[in-house]
Every structure is written in C-alpha cells, then in structure tokens.
Amino acid sequence: MDLDVYRNFLVLAESDTFSAAARKLNIVQTALGSQINKLEDYYGVQLVKRQKGVKHIELTSAGLEFAQKARQLCHFEDELALGMQKYSGNVTGTLRFGVSPMRSSYLIEAFLMPFVKLHPNIIFEYEEMVTVAQVEKLRSGTLDFAFSNASTEIYPEFGMLHFEQEQFYVIYRQGLEVPWAEKQELELTDLVELPLCSYFTQFSMLRRICEEQGLRLQPRFITNTLSNTLTVVKNSNNIGVVAVTASEKLPQGLERKLLRGSQMVCNQIFYWNKNRSMSVAAETFLQFFLERAQAKDLLLKDGLN
C-alpha cells in the first residue's frame, strides 16, 4: 500500500469533514473517498463511520487504532528517509509551522526565506493559528515548530526560545500635525480623542489596559494584519497603535514614538516539543534558527528553555 494513502488518512482523521481534508490535500473529494475505501477493503474493516446526513468525520474504534499505527508507520518511514540525508548532504522532508497571524510575515522574511536558499528541497507546511491551537498541535505531533507573540505558559515538554520583545508604538505619517510632536515618548492619555487604527488581537490588549486606567479610546479602523494597519495610517489622518520590535523597519513615510507602560509589551516565543524525536530537516532548521537569532542578538537573557 502506498504510504501516501496512509498519510492522507491521517489528514482526514484530523479534519472535520471529507471536503476539508480534500482541500488540505489539494485533491478532489471523490479521490480521497476512493483511497479510504481502498484502505477499508485492504484491511477488511470500517475505518470511518458513515451516517446519512452527517458530514462531520468520526472514526470507528478500528479507525482510531489505525490512525495511531499509521502515524507511527509514516513517522518511521520519514525518520529512515531523513536519517539517510546525513550521508548524502541533501536535506529534504517537510517542516510544519504554526504561527501567530501578526508575526507571520516576520518569520517568513527573517528566517524561512534565508533557510530556503540553503535547503531548497525542503517542503514547508505553514499555517496561521492562535497559541492554543499551536500548543495542541505540537503535543499531537502535527506541528514541528510554533511561533507566537501572545502570552504563553512555560510548558516543561516544550523547548522555548524567548527573544525580541514587542513594544507598543504610536505610528503616524510624516507631516501629520499631532499635539505631541515634541515628545520623545507618549502616554496613553496622549491618545484620547484621536482617531486610532490598530488590529484585532493587539487592540483588545490595548483596550483592556486603557479600561484599567479609566481611559476610553476612539478606534476608527480595526484591521486583521499589521500591514493593513500601516497602509491605513500611511494614507489617512488615523494614528496607528501597534506592537512591533525596536529593530523592525516601517514603510517609508511613517514615523513612530514609543508608547510607555510596563504592560505594553508582547513576548515573542519560538517553541517545539522536546518529547518528540526531530527529523533531520527539523534539527537543521532549529540549528539555523538559533544561530541566526544569536547572530542578530535577538535572544533575551536566559532565553533558551
């Protein structure tokens, strides 16, 4: 039996519906259904429950055990194939990343693209997701690495790199008349009654901090990405409030001032499951990531757990 069929079954087992699994695999639903039927005929058992009018996938008892054994089988095959790469010098395989949406572009530009140039034969599966989903998938073994800029607990089973804190900055276009032009740093009170622009996750944090201080802000644009927020700010009189690193470059035509406050900080964390064996590709990327972060002096003190 082709191992790809086992892998496709595992994607199905981790999906809500046949159609969702087919989209992830980039194949038509009928082809996926045919593969599952082939597996069931080959082993003589029913792996997926089929109930009329019910689209949600539910595995049978045999299907649950099959998924466990298939995952082990695929893992061993991956380890065998990737383990031989140390002799050929040609690292291949698949790396799976779960990334907080707000830091997606940063990880791609700062780490993934430079790594791709060195190892062009590695396949990347890259998905934006919240921290809770990252933790769940790392534990299940469906992710190799996660990158978050939200509050993350210290998990003993995870290796964690803490680096480059993000601080809140006030962003505005050059030439815009602002009441605090002469100030080097700003307070939250400087933003009251100004038209603001931010994005969902960070504005929720900002709003909570303001409410604790009895302040009320006036958001005019709430976007879904940092780049969209900066685009609005560059083309309007709105004042952006975003969390970025001190080293992050802004688009031409924008200026920024630090927004003071001990609570106005987000931690960036890169982490992985130490309890699961790493592929050669994953080991290679982790070493590259650590060396690059150290070379750029991005790691915080005691930043490696």
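This is a dialogue on how terms are applied to a predicted model.

Trainee: What should I know before reading the values?

Mentor: The model is predicted, so local features need pLDDT of at least 70, side-chain atom pairs count only at pLDDT 80 or more, and totals for chains, interfaces and linings use all residues. Residues are numbered from 1 along each chain as its sequence is written, and side-chain values use heavy atoms, with hydrogens and water left out.

Trainee: How many helices and strands does the protein have, and what counts as one?

Mentor: The protein has 10 helices and 11 strands. Helices (H or I, at least four residues) and strands (E, at least two) are DSSP runs, numbered from the N terminus. The C-alpha trace spans about 75 × 50 × 35 Å along its principal axes.

Trainee: What makes α1 and α2 oblique to each other?

Mentor: Their angle. The axes of α1 (residues 3–13) and α2 (residues 18–25) come within 8 Å and cross at roughly 130°. Axes are lines fitted to C-alpha atoms, for helices over the stretch in contact, and angles run from 0 to 180 degrees between N-to-C directions. Angles under 35 degrees count as roughly parallel, over 145 as roughly antiparallel, 65 to 115 as roughly perpendicular and the rest as oblique. The pair α1 and α2 is therefore oblique.

Trainee: Why are α1 and α3 called roughly perpendicular?

Mentor: α1 and α3 (residues 29–43) pack at about 110°, with axes 10 Å apart. That angle falls in the perpendicular range, so α1 and α3 are roughly perpendicular to each other.

Trainee: Which handedness does each crossing have?

Mentor: The crossing of α1 and α2 is right-handed. α1 passes α3 in a left-handed crossing. A crossing is left-handed if the near helix is turned anticlockwise from the far one by less than a right angle, and right-handed if clockwise.

Trainee: Which residues meet where α1 contacts α3?

Mentor: From α1 come Val5, Tyr6, Asn8, Phe9 and Leu12; from α3 come Leu32, Gln35, Ile36, Leu39 and Tyr43. They divide into eight nonpolar, two polar and no charged. Ala, Val, Leu, Ile, Met, Phe, Trp, Tyr, Cys and Pro count as nonpolar, Asp, Glu, Lys and Arg as charged, and the others, Gly among them, as polar. Contact means heavy atoms within 4.5 Å.

Trainee: And which residues meet between α1 and α2?

Mentor: Asn8, Val11 and Leu12 in α1 meet Phe18, Ala21, Lys24 and Leu25 in α2. This contact has five nonpolar residues, one polar and one charged.

Trainee: Why is His119 called buried?

Mentor: Its relative accessible area is 18%. Buried means under 20%, exposed over 50%, partly exposed in between (1.4 Å probe, protein chains only). His119 is therefore buried. It lies in the loop between α6 and β2, and touches Val91 and Thr284, not counting residues up to four places away in sequence.

Trainee: What makes Asn121 partly exposed?

Mentor: Its relative accessibility is 41%, which means it counts as partly exposed. Asn121 is in the loop between α6 (104–118) and β2 (122–128). It touches Asn90, Val91, Thr92 and Gly93, again leaving out residues up to four places away in sequence. Asn121 and Thr94 are 27 residues apart in sequence, yet 9.1 Å apart C-alpha to C-alpha.

Trainee: Why do Asn26 and Glu193 count as exposed?

Mentor: The relative accessible area of Asn26 is 70%, so Asn26 is exposed. Glu193 counts as exposed because its relative accessibility is 61%.

Trainee: How do you know that β3 pairs with β1 and β10?

Mentor: Two strands pair if DSSP finds at least two bridges between them. Three bridges join β1 (residues 93–99) to β3, and these run parallel. Three also join β3 to β10 (residues 265–273), running antiparallel. Phe97 has Phe145 as its bridge partner in β3, and Ser148 has Ile269 in β10.

Trainee: Which way do the residues of β3 point?

Mentor: Phe145 and Phe147 point one way, Ala146 and Ser148 the other, and all are buried.
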